[in-house]
Amino acid sequence: MTTTVAVARIHDLPPARAGGNLLDGDLALVEALRREGAAALEDECRAFGALSDEAETIADGFRANEHPPELVRYDRSGLRVDELEFHPAWHRLMALAVDGGVAGAPWADPRPGAHVARAARFLMVAQVEAGITCPLAMTYSSVPALRLCESGAAWESLVTSGRYGEGGALIGMALTERSGGSDVQASSTVAEPDGAGGWLVTGAKWFVSAAQSDAFFVLAHTTGGLSLLLVPRQTPGGELNGLRFDRLKSKLGNRSNPTAEVELDRAQATLVGDEGHGVRAIMAMIGGTRHDCVLGSTAVMRLGTAEAIHWAAHRSAFGRELIEQPAMQAVLADLALESEAATAGAMWLARQTEAAHRGDAQAELVRRIAAPVLKYWTCKRAPQQLGEALECQGGFGYIEESRLARAYREAPLMSVWEGSGNVQALDVLRALTRAPDAHEALLGEIALARGGDARLDGELENLRATAAAVDDEAGARRLAGRLARALQASLLIRHAPPSIADAFCATRLAYGSERAFGELPAGLDLAAIIGRARPDQA
């Protein structure tokens with residue numbers, strides 16, 4: 001006779017975080033949504049925040065990442081099809097995001113704040129699974145470039161439809177080649193007229209993101225110079241349009257999103273913008289995708305902060321909850337400061353970008369320099385912040401059951417995509433040279449907090465002298481970082497509680513930034529900083 005004894009499993013692991021609301025649980029995001037012009041759309045964002053925090057949605061994020069797409073080269077008849085097969089979880093997440101207005105829908109929405117609200121939704125859904133944000137970012141950002149294209153109106157109607165699958169479209173980019181990453185002039189892809197007003201593109205692209213897209217922007221050399229062309233995935237007859245997918249990349253992170261090496265053989269295409277001005281044309285799109293890199297970095301920092309605080313609030317060691325222990329409090333507060341500053345900057349940039357799209361020349365001037373400034377700094381801080389957040393969970397943070405292991409692999413990506421740190425820092429110098437009024441416009445924005453903190457006042461005066469440093473390429477990163485921290489400090493002084501603004505200025509301006517997280521000076525209100533960032537506050 002066999003006797004079965006039931007043994008209760010007793011452990012001290014915190015419960016998984018789910019079932020809340022990613023908007024209501026993030027006070028910094030709620031406040032930014034309101035002040036940056038999207039208060040009227042708050043309820044829509046709140047409904048999206050609830051869907052994004054459902055247990056099944058979070059589980060889909062794990063599933064999509066654990067079952068990456070597969071390239072199917074041939075069908076059962078032996079015909080070359082080069083199709084991509086996804087786990088159903090990928091399609092559910094994409095439908096949630098596209099139908100929820102995170103792709104191109106804001107361009108067809110005349111309501112003020114539509115693009116700001118979209119930024120908030122992007123920030124929330126990126127916490128679920130960052131892989132889906134690549135096609136979302138490129139599709140959203142494609143609209144200004146599509147408007148430079150003869151066939152762009154038809155594509156724009158699909159991109160802005162707010163529908164995933166039939167009736168909608170995704171847009172990707174095929175820019176990078178083996179010969180060079182940021183040096184697109186080194187491209188060997190060529191395009192020739194087809195005799196009927198179109199073009200035929202031939203070449204090879206080494207890094208094609210969102211390989212399942214319905215059309216791709218492709219850089220190629222024409223007789224007039226480097227030009228931008230729009231290459232549909234299929235011909236009007238439904239056949240693959242001269243595209244041959246050689247393989248999918250095996251990447252450090254972003255595994256649910258297919259990135260491919262693709263060959264083009266006389267692929268039918270339409271010219272975008274003027275011949276020979278391909279870089280100018282694609283920059284109409286990259287300005288948007290760079291902003292989404294800022295949002296993506298902000299999202300993983302918010303996820304790291306929320307998970308670390310949740311863990312510390314439910315985990316005990318040496319007779320006390322971790323969140324009550326001074327050393328852990330210092331780390332958690334520092335993570336929260338970085339996250340709130342990133343959120344303030346990202347959402348402020350969303351408002352500037354929306355205003356620029358609506359014709360505000362001053363907003364465009366500010367955005368011209370603020371975008372590379374924030375892209376540089378926010379994307380640089382994300383990997384450091386995620387590493388510290390992961391450490392708060394100890395060994396659990398390093399295993400795949402934690403949401404932070406996956407987020408940690410995603411964190412460096414935003415700094416690589418759409419221009420590395422050096423590219424962004426040098427772009428800041430370029431803005432100082434070509435648009436010197438942009439520097440003064442950004443300093444004017446920072447100066448709106450003048451008198452609120454002596455440390456910022458002093459840094460502002462120092463930064464006014466940087467216009468003379470436009471030839472200092474070696475110091476470009478330091479300048480970009482200083483401008484970013486000053487802008488974040490200004491936003492927090494004006495809009496955040498005094499405990500947040502004081503701590504940020506004390507640690508990012510006067511105290512310096514070259515330090516590990518948790519090395520905070522005495523006298524800061526750590527409990528207030530952590531309490532504001534707690535995800536269970538609603």
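Buried here means under 20% relative accessible area. Keep that cut-off at hand for the first stop. The model is predicted.

**Stop 1: Asp427**

Select Asp427, which sits in helix α13, residues 421-434. Is Asp427 buried or exposed? Its relative accessibility is 8%, so Asp427 counts as buried. Now show side chains. Asp427 makes a polar contact, side chain to side chain, with Arg430 at 2.8 Å. Next, display the neighbours of Asp427 from beyond four places away in sequence: Arg290, Arg368 and Pro372.

**Stop 2: helices α2 and α5**

Select residues 42-52 for α2 and residues 114-125 for α5. Their axes come within 10 Å and cross at roughly 10 degrees. Angles under 35 degrees count as roughly parallel, so α2 is roughly parallel to α5. Which residues make the contact? On the α2 side, pick Glu44, Cys45, Phe48, Gly49 and Ser52. On the α5 side, pick Ala117, Ala120, Arg121, Met124 and Val125. Colour this selection by class: the contact of α2 with α5 has 6 nonpolar, 2 polar and 2 charged residues.

**Stop 3: helix α15**

Move to residues 454-463, helix α15. Highlight its buried residues: Leu456, Glu459, Leu460 and Leu463. Then turn the view to look down the axis of α15. The buried residues fall within an arc of 105 degrees, so they line one face of the helix.

Technical notes:
Residues are numbered from 1 along each chain as its sequence is written. This is a predicted model: local features need pLDDT of at least 70, side-chain atom pairs count only at pLDDT 80 or more; totals for chains, interfaces and linings use all residues. Side-chain values use heavy atoms; hydrogens and water are left out. Helices (H or I, at least four residues) and strands (E, at least two) are DSSP runs, numbered from the N terminus. Buried means under 20% relative accessible area, exposed over 50%, partly exposed in between (1.4 Å probe, protein chains only). A polar contact is a pair of N or O atoms within 3.5 Å; within protein, one must be able to donate a hydrogen and the other to accept it, and residues adjacent in sequence count only if both atoms are side-chain atoms. Contact means heavy atoms within 4.5 Å. The arc is that of the directions from the helix axis to the C-beta atoms. Axes are lines fitted to C-alpha atoms, for helices over the stretch in contact, and angles run from 0 to 180 degrees between N-to-C directions. Angles under 35 degrees count as roughly parallel, over 145 as roughly antiparallel, 65 to 115 as roughly perpendicular and the rest as oblique. Ala, Val, Leu, Ile, Met, Phe, Trp, Tyr, Cys and Pro count as nonpolar, Asp, Glu, Lys and Arg as charged, and the others, Gly among them, as polar.
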